[in-house]
Amino acid sequence: MKKFQAEYSENSITYWPTYEAAKVGMIFLTVLGTLFIVTSIWTLLDNPSKTTASEIVVAFPLVVFVLYLATRYLSRMMYSKIVVSTEGIVYFKDSIARKKQISWSEVSAVYFHQDPWYGIKTCRIFFKKEQAHEPREKDRPNFVLPISSVDEQKLQQLIPNDLWGNNPHWI
């Protein structure tokens, strides 16, 4: 069994929504960094002039720094975890640090949304507000729950039926 695969139980779902994409991003950055280093060495061997060497000496630390920042960002994003249960949603920034906790009692509506261009599936969550108005799908959601890596039938069982603002396509 894979370590960062969605875990299902009777009253909760635990998943890592960006793990696979961040893993692909890390591979891409590794290939990009390797290509840059190989190209830099090849350029120095092919044209050993002072201007070429000075340009590579200036560009090399900048590119390495940008690759370091991108790798660090992806590694932090890679281990973000979401737990959806019958009580609510808990979003972890990494494996341990809790970033956001949402109880179903604070939620006024949940809308299913699928991007027409890319097909990305999300649940848009609206919180209860002081003003009494009906939330609409075009309003800006308070929290967006990515659900592309989760079994939607099991997710639907965990979210209370009275919170659905629109009927998801799988009903």
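This briefing covers a strand hairpin, aromatic ring pairs and charges placed over rings. The model is a predicted one. Its strands β6 and β7 pair in the antiparallel sense. Four aromatic pairs occur in the structure.

- Strand β6 spans residues 107-114, and six of its eight residues are buried.
- Its partner, strand β7, covers residues 121-127. Seven bridges join β6 and β7.
- F112 has C123 in β7 as its bridge partner.
- Six residues lie between the two strands of this hairpin. G119 takes a positive phi there, near 80°.

**Aromatic pairs**
- Among the four aromatic pairs is the one between Y19 and Y79, which is tilted. Its ring centres are 6.0 Å apart, with 50° between the planes.
- Y19 belongs to helix α1 (residues 19-46), while Y79 sits in the loop between α2 (50-78) and β3 (81-85). The pair links distant parts of the chain, 60 residues apart.
- Y19 counts as buried because its relative accessibility is 14%, under the 20% cut-off. Y79, at 30%, counts as partly exposed.
- Y91 and F143 form an edge-to-face pair, 6.2 Å centre to centre and with 70° between the planes.
- Y91 lies in strand β4 (residues 88-92) and F143 in strand β8 (residues 143-146), so their pair ties together parts 52 residues apart in sequence.
- F143 is buried, with a relative accessible area of 11%.

**Charges over rings**
- K81 lies over the face of F92, 4.7 Å from the ring centre.
- K154 places its charged end over the ring of Y8, at 4.6 Å from the centre.

Definitions and conventions: Residues numbered from 1 in each chain as written. Predicted model: local features only at pLDDT ≥ 70, side-chain atom pairs only at ≥ 80, totals over all residues. Heavy atoms only, no water. Buried < 20%, exposed > 50% of the residue type's maximum accessible area, 1.4 Å probe, protein only. Helix = DSSP H or I, 4+ residues; strand = E, 2+ residues; numbered from the N terminus. Pairing = 2+ DSSP bridges. Phe/Tyr/Trp six-rings, centres within 6.5 Å; stacked < 30°, edge-to-face > 60°. Lys NZ or Arg CZ within 6 Å of the ring centre and 35° of its normal.
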